[in-house]
Amino acid sequence: MAGFKSDFMRVVHERGMVHQCSDSARLDELLSTATRTAYIGFDCTADSLHVGHLLQIMLLRWWQRTGHKPIALMGAGTTKVGDPSGRDETRQLLTPQQIDANMASIRKSFANYLQFGDGSTDAVMANNADWLDTLLYIPLLRDVGRHFSVNRMLTMDSVKLRLERDQPLSFLEFNYMILQSYDFVELHKRYGCILQMGGSDQWGNIIMGADLGRRMEGAELFALTSPLLATSSGAKMGKTAAGAVWLNPDRLSPYDFWQYWRNSEDADVGRFLRTFTDMPLDEIARLEALKGHEINEAKKILATEITTLAHGKAAAELAAETARRTFEEGVKAESLPTVDLPRARLAAGIAAFELLHEAGLAESRNEARKLIKGGGGRLNDRPIDADTATVGERDLDASGTLKLSAGRKRHVLVRAV
């Protein structure tokens, strides 16, 4: 984009990945003169990241690809407190063992996006428990707490919205922004980090961290946030009828991940290609200009490119081929997601709506009934004729499997065991 000296600022603005940035001109100048370090924090509240984190991961990826050093900060320390941002209720507190297990699993999400190592631009995975767990309360109050105005903290959206809705905000959660701010200071001292990036809901917390660095260290620190992720129709991204769109393959198969992107709305294809892939902008412009049936080819490219980044080329190509065989040839592809079911349950007969729900094709039994009544529930590529229908051993093929579908694009194999 015209006006920027640094590759990073040009790329992320061209691709629509920036919502707000503090002192863009000064940050651009610093990035154009030397290798710099930036970080994004990820709390360990689940054992996988999801599509809602993907834009942040892509920011770190572009940071590294344009010649700078990224830090993926694991929030094993802050997870013990709980981030109140965007929530109406207190997070469930996890045990240290749960947090450690989640952190170990989350690490896998970064494998295909960042190059880790000891080089000047190699990524670092840090853990804020390394410094937060050793803080003493009274020194923290004296050295860090004195730089925070409660008046200002009460104006932060993460606090204000909870109070306006008369939802409880624990003193523990109220301290989250102090600890997140202190992370920025520690990463500046340890790695020379000058930039924290995050989602648009993190702007207040990030600005407070930059301000704390100035007060405690005289450091020149910066904030950059990305836009809120939503589809063109206004729906929040990262949710399906079956739940969250996880990045770890043991939580969501690469095939289902591919299908999520294949089912994107026409109007989102160009934006998603710019945001979630490395594809050249001129090629993206060509693809998003396609009309009618041709836009489906662009969606397949979108799905394959994003799945390649998340799960590797082999998994992406297998997902694309599975989809082609399933939808274009009408065959039962062996690499579809598979659910095991005791043969005895099939022998006794199981309600079709119950099986659709258990297979993850409907979020609830009631939703499964509606799916069948609307003609969207299919068994072995044939419509399920009524929500009272049952599925039994008679529906198994010679290999002991049957195929369940929700609409034309979501399929699961059920295998009798």
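This report describes the nonpolar cores and the salt bridges of the structure above.

## Basis of the model

The structure is a predicted model, in which local features need pLDDT of at least 70 and side-chain atom pairs count only at pLDDT 80 or more, while totals for chains, interfaces and linings use all residues. Residues are numbered from 1 along each chain as its sequence is written, and side-chain values use heavy atoms, with hydrogens and water left out.

## Nonpolar cores

In soluble globular proteins, nonpolar side chains tend to be buried together. A nonpolar core is here a set of buried Ala, Val, Leu, Ile, Met, Phe, Trp, Tyr and Cys residues joined through side-chain atoms within 4.5 Å. Buried means under 20% relative accessible area, exposed over 50%, and partly exposed in between (1.4 Å probe, protein chains only).

The largest nonpolar core has 72 residues, and Phe8, Trp261 and Phe276 touch the most other members. Helix H3 (residues 54–65) supplies the largest share of this core, namely eight residues; helices (H or I, at least four residues) and strands (E, at least two) are DSSP runs, numbered from the N terminus. A second, separate core comprises 29 residues, among them Val81, Met177, Leu187 and Ala210.

With residues up to four places away in sequence not counted, the contacts (heavy atoms within 4.5 Å) of Trp261 are Val51, Leu54, Met237, Phe272, Phe276, Lys299, Leu302, Ala303 and Ile306.

## Salt bridges within helices

The whole structure contains 25 salt bridges, each defined as a side-chain nitrogen of Lys or Arg within 4 Å of a carboxyl oxygen of Asp or Glu. In one of them, Glu186 pairs with Lys189, with the closest N and O atoms 3.6 Å apart. Both residues belong to helix H10 (residues 176–191) and are three residues apart, about one turn of the helix. Glu186 is buried at 8% relative accessibility, whereas Lys189 is partly exposed at 44%.

Helix H11 (residues 203–217) holds both Arg215 and Asp211, four residues apart, about one turn of the helix. Their salt bridge has its closest N and O atoms 2.8 Å apart. Arg215 is partly exposed at 45% relative accessibility, and Asp211 is buried at 16%. Arg152, Asp211, Arg214 and Arg215 are linked in a network of salt bridges.

## A salt bridge between helices

Arg365 and Glu354 form a salt bridge through their side chains (2.9 Å, N to O). Arg365 lies in helix H19 (residues 365–373) and Glu354 in helix H18 (residues 352–358), so this pair ties together parts that are eleven residues apart in sequence. Arg365 is partly exposed at 40% relative accessibility, while Glu354 is buried at 16%.
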